[in-house]
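Visitor: I'd like to go through this one by asking what lies behind each label. Can we start with the rings?

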Amino acid sequence: MSRYLISLLLWLPALAAAAVQPPVIHHELRVEADPDTAMLRVTDELLPSDRKETLEFLLHENLEPRLLSPGGRLVRGERVKAAVPARRWRLELDDPGAPIRLAYTGRIHHPPEAGALHATPGTVSAEGIQLSASTLWYPWIPGHLVTFRLHLSLPDGWHGISQGKPSDNDRSWEEAQPQDDIYLVAGPYHRYEKRFGKLRAMVWLRQPDEALAQRYLEATGSYVDLYSRLVGPYPYAKFALVENFWESGYGMPSFTLLGPTVIRLPFILHSSYPHEILHNWWGNSVYVDYDSGNWSEGLTSYLADHLLRERRGGGAAYRRDVLLKYANWVKGGNDTPLVRFRGRHGEASQAAGYGRMLMFMHMLRLELGDEAFVEGLRHFYRENRFRITGFDDLRTAFEAASGRKLGVLFDQWTQRTGAPALVLEAVKVEAGEHGYRLTGSLRQTQEEAPFRLRAPLYVQLEKEPEPRLHWLTLEGRRLEFELVLEKRPLRLRLDPLFDLFRRLAPAEIPSSLGALFAAEQIHVILPGSAPGPRRDAYRTLAEAWKRRYPQVRILTDSELDRLPKEGAVWVLGLENRFAGQVWQPLGKERVRLSDETVVLAGNRHPLEGTSLVVTRRATVPLGLLVLGDAKRAASLARRLPHYGKYSYLLFDAEGKNRAKGQWPAGGGALEVVLDPSAPAMTVPDHPPLARLAR
Ligand SMILES: [Zn+2]
């Protein structure tokens, strides 16, 4: 989930360069909103910290401002292209120290657009109100941060929510620390609150639901506590979960706005929700200088999504999925360096922008050690709260905490695109008088220039329970290494815990639905001989995919002599003459299909009513999809792209997911087996970072 509507904010000129911190302007806003007519009536008393004779601002075009205070003039400027129709205004003041009072009234109505990505730059409607800087509902002055007090006049039964702390029965909100936006969300809400020390945890729901509210209040208390101990004190008086009136996942300073379905998904409470809470440290109090690249999404993902998975023992698996997404989606020149990453706008930019930064933070942690890494985060937070920051500020903080120069590392991972691809070569063992001499070479095979890397090589020795770790420092394209070992080496594996940002070796990549959806060309092959209604169901599904992925080409099995040799191939239906070519080579231990049952990854399921997906990597990615029920076509078409990392899936007659998983993958060119009778290597993951929360 993302910072609130970044794509819309990017219409506006950047706030300020990272080095020079912007002046702050205070707004004393009195707001009256009429949801039935979408009318907004506002008076604003402005108090700029840098008193100047002229002040330029942008305002929504429907809001025609009047100057109420004496001793100045408002000059109407040109129309401006922004997320809403807007106009530039210039305020000329006789006495720059005198109070400035403006009043404006107008209709703000931009209902959320239908479609997969609902969004509005701001609206006043009977369903609810949502206003932000994108709406230009208050005089937006380029290059300023803001503080504010907001006095609300809303219909009976409505509540308004903003940053900071409420008073007067939530009819006013106040934030005295510099903000980069003023949000106003309002609607017919039910309010819940619980105090955890100084923190006010709040939940605002559109329908009463005590149990749901309690779960969120408790989670708020526990995650705010975790991150306060790990990073530094929570920067706001409250944190609120606010139910939106359409499906969204936005994180604003001191609250999050989640859609009605999202809120009720049980896993959100411990995945997206802590992510949004952590944004109060990264992005919503230490602000991002988007012009120099967005560091906040990757860092937040590392310390929320990754940290929580790592705490449950899933760190390496999580990192592998990050690399898998990069391998699937980033290719053919669609990579973005971090200094040019602003926000997610699709799978490729997410894999590059979130994935690379997350892995960079992980590599930095391993390089500096957990204590210095966490100290660097604390330093960064302490020194930069309510300031606009870039990668240089982050580097400075880690340098201060570690006493090391990190310019080379930061340049490499923030300014470059691409990723190293690694192979282990020419590995040999010689037995000698005092033990064993192991030699070999590690090479970077990517087209781009070599990366500077510290690569973890694990060596399993005879009669030792765990492999030994040797760090190999790679400065150029190739490194010849030599290890002297007292016991006989059995196996070698480079980076088995996925600690490096790199291109996975082909053998490390299990086949997945994601690889099929990410292909430049997707052939979807219908079963010509299936009975009418089933054939229609498969066609419905194929056409739904074609609307989502323009690279889909729909064919029928009878038109083809053999499977296409380019792109990716979805074979639909067990009746399809190519079905066997997808599942049979996977082997009986993975999948076995008979007339009545399917045995998938060792578990037997009835075939009746069951929908099934299996994938395989041949010359091109292959997938077989079997619909158990024609009625499931539309819903599966929508759901399957969300299961991108899986190799196989099984849904029961009710459409419930009953099995999902990845086929086991090997190490390929990163693994060397010196003794084939040696057992598989088990590498324990790093001790979790969360243990350093004090
Ligand atoms: Zn985020």
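Predicted model: local features only at pLDDT ≥ 70, side-chain atom pairs only at ≥ 80, totals over all residues.

Visitor: What makes Trp282 and Tyr381 an edge-to-face aromatic pair?

Guide: The ring centres of Trp282 and Tyr381 are 6.1 Å apart and the planes make 85°. Pairing needs centres within 6.5 Å, and edge-to-face needs planes over 60 degrees apart, so both labels apply.

Visitor: Which parts of the chain does that pair link?

Guide: Distant ones: Trp282 is in the loop between helix 4 (272–278) and strand 21 (287–288), while Tyr381 belongs to helix 8 (residues 370–384), and the two are 99 residues apart.

Visitor: Why are Trp282 and Tyr381 called buried?

Guide: Trp282 has a relative accessible area of 0%, and Tyr381 has 3%.

Visitor: Why is helix 7 (residues 347–368) described as largely enclosed?

Guide: Because 20 of its 22 residues are buried, helix 7 is largely enclosed by the rest of the structure. From first C-alpha to last, helix 7 reaches 31 Å, close to the 32 Å expected at 1.5 Å a residue. Just after helix 7, Gly369 takes a positive phi of about 95°.

Visitor: What makes strand 9 (123–124) and strand 12 (159–161) edge strands?

Guide: Strand 9 and strand 12 each pair on one side only. They belong to an open, antiparallel sheet of four strands in the order 9-10-15-12.

Visitor: How do you know that strand 10 (residues 129–131) and strand 15 (residues 184–187) pair?

Guide: Three bridges join strand 10 to strand 15, and pairing asks for at least two, so they qualify. As an example, the bridge partner of Ile129 is Ala186 in strand 15.

Visitor: What joins strand 37 (residues 648–651) to strand 35 and strand 38?

Guide: Four bridges join strand 35 to strand 37, and four join strand 37 to strand 38 (residues 657–661); the strands run antiparallel in each case. Val613 has Leu649 as its bridge partner in strand 37, and Tyr648 stands opposite Gly661 in strand 38. The hairpin of strand 37 and strand 38 has five residues between the strands, and Gly655 there takes a positive phi near 85°.

Visitor: Which way do the side chains of strand 37 point?

Guide: Tyr648 and Leu650 point one way, Leu649 and Phe651 the other, and all are buried. In a regular strand the side chains alternate between the two faces of the sheet.

Visitor: Why is Ser611 called buried, and what does its side chain reach?

Guide: Ser611, in strand 35 (residues 611–617), has a relative accessible area of 2%; the limit is under 20%, so it counts as buried. Its side chain reaches the backbone nitrogen of Gly628 at 2.9 Å. Beyond its sequence neighbours within four places, Ser611 is in contact with residues including Val626, Leu636 and Phe651.

Visitor: How do you know that Glu425 is partly exposed?

Guide: Glu425 sits in strand 23 (residues 422–432) with a relative accessible area of 23%. That falls between 20% and 50%, so partly exposed is the word. Leu670, 245 residues away in sequence, is 8.7 Å from Glu425, C-alpha to C-alpha. Leaving aside neighbours within four places in sequence, Glu425 is in contact with Gly440, Ser441, Arg443 and Arg478.

Note on methods:
Residues numbered from 1 in each chain as written. Heavy atoms only, no water. Phe/Tyr/Trp six-rings, centres within 6.5 Å; stacked < 30°, edge-to-face > 60°. Buried < 20%, exposed > 50% of the residue type's maximum accessible area, 1.4 Å probe, protein only. Contact = heavy atoms within 4.5 Å. Polar contact = N/O pair within 3.5 Å; in protein donor to acceptor, adjacent residues only side chain to side chain. Expected span 1.5 Å × (residues − 1).
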